[in-house]
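Please read the following report alongside the sequence and the model. The text goes from single residues to the whole chain.

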Amino acid sequence: MPRVSQDHLDARRRQILDGARVCFARYGYEGATVRRLEEATGLSRGAIFHHFRDKESLFLALAEDDAVRMAQVVADQGLVQVMRDLLSEGSAHPADWLGTRLELSRRLRTDPEFRARWAERSDQLTRATRQRLLRQHEAGKLRDDVDVDVLTAFLELVLEGLVSHLAMGLPADHLTPVLDLVEETVRVHHRNPAGAARP
């Protein structure tokens, strides 16, 4: 029997994660039945659970995958760009990230066992945000009268507030100036110097 290449296994895993992301976003965790996961991924349950032990492991892998992608955007462009992506229909990720983030927030609130499992994986975004803010501080682009850890917590709270706002189905077309204000708040002297990078 021919050996399956690592590239093939990686592509299959990506196919499962991409299909599962759509399924979880559409139906929520409980509503994402095995049959719906099969339909969304185009694969059998045997193929899906060959790569992931169970549905929770699949969701954790998906949430971690999204956290890594979001952390990369933070490293390159800042946490506010993640928030802009959540609002932008033209973004590469908005509906994907929002669906996973909403379901992740709900499960963290209601499922202590899931919360314990996620705690082992959950600090990528915080680390990326803090590291970017430290770089901005060293470059003289960040206000220095507030500790970086406080600014990190501030930006994360704004993100959670935005996610809650979107979860409630409230209008979002007026929120771009709010995110502009968030950026201005963490910059030096609350101004928008030419060429200042996003936090």
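Is Asp111 buried or exposed? Asp111 is buried, with a relative accessible area of 18%. Buried means under 20% relative accessible area, exposed means over 50%, and partly exposed lies in between, computed with a 1.4 Å probe on protein chains only.

This is a predicted model, in which local features need pLDDT of at least 70 and side-chain atom pairs count only at pLDDT 80 or more, while totals for chains, interfaces and linings use all residues. Residues are numbered from 1 along each chain as its sequence is written, and side-chain values use heavy atoms, with hydrogens and water left out.

**The chain as a whole**

The protein has 10 helices and 0 strands. Helices (H or I, at least four residues) and strands (E, at least two) are DSSP runs, numbered from the N terminus. Of the 199 residues, 41% count as buried. A contact means heavy atoms within 4.5 Å. Among contacts between residues at least 6 apart in sequence, 68% join residues at least 24 apart.

The UniProt record, an unreviewed entry, lists residues 33–52 as "DNA-binding region". UniProt positions are given in the numbering used here, feature names are shortened, and annotations may be inferred rather than shown by experiment.

Asp111 sits in the loop between H6 and helix H7 (112–119). Its side chain is joined to the side chain of Arg107 by a polar contact of 2.7 Å. The side chain of Asp111 also reaches the backbone nitrogen of Glu113, at 3.2 Å.

His165 belongs to helix H9 (residues 148–167). With a relative accessible area of 18%, His165 is buried. A polar atom of its side chain lies 2.7 Å from the backbone oxygen of Pro171. Leaving out residues up to four places away in sequence, His165 touches Leu170, Pro171, Ala172, His174 and Leu175.

Arg127 is part of helix H8 and is partly exposed, with a relative accessible area of 42%. Its side chain makes a polar contact of 2.6 Å with the side chain of Asp123. Arg127 and Val74 are 53 residues apart in sequence, and their C-alpha atoms are 9.7 Å apart in space.

**Salt bridges**

The structure holds 22 salt bridges. A salt bridge is a side-chain nitrogen of Lys or Arg within 4 Å of a carboxyl oxygen of Asp or Glu. The table gives some of them.

| Pair | Distance, N to O |
|---|---|
| Arg21 and Asp65 | 3.1 Å |
| Arg106 and Glu30 | 2.8 Å |
| Arg187 and Glu183 | 3.9 Å |

The side chains of Arg21 and Asp65 meet in a salt bridge. This pair links distant parts of the chain, with Arg21 in helix H1 (residues 6–31) and Asp65 in helix H4 (residues 55–77), 44 residues apart. Arg21 counts as buried at 3% relative accessibility, and Asp65 counts as buried at 15%.

The side chains of Arg106 and Glu30 also meet in a salt bridge. Here too the pair links distant parts of the chain: Arg106 is in helix H6 (residues 94–110), Glu30 is in helix H1, and they are 76 residues apart. Arg106 is partly exposed, with a relative accessible area of 25%, whereas Glu30 is exposed, at 54%.

In the pair of Arg187 and Glu183, Arg187 is buried, with a relative accessible area of 5%. Glu183 counts as buried at 5% relative accessibility. Salt bridges that share partners join Arg14, Asp18, Arg21, Asp65, Asp66 and Arg69 into one network.

**The largest pocket**

The largest pocket has a volume of about 280 Å³. Of the 17 residues that line this pocket, the closest to its centre are Arg101, Trp118, Ser122, Leu125 and Glu160. H4, H6, helix H8 (124–138) and H9 each give two or more residues to the lining. The largest share, 6 residues, comes from H6.

A pocket is defined on a 1 Å grid over the protein atoms alone, as an open set of points where a 1.4 Å probe fits, with protein on both sides within 12 Å along at least five of seven lines; lining residues have an atom within 4 Å of a point. Grid points are joined across faces, edges and corners, and a volume is the space filled by probe spheres set on the points.

Methods. A polar contact is a pair of N or O atoms within 3.5 Å; within protein, one must be able to donate a hydrogen and the other to accept it, and residues adjacent in sequence count only if both atoms are side-chain atoms.
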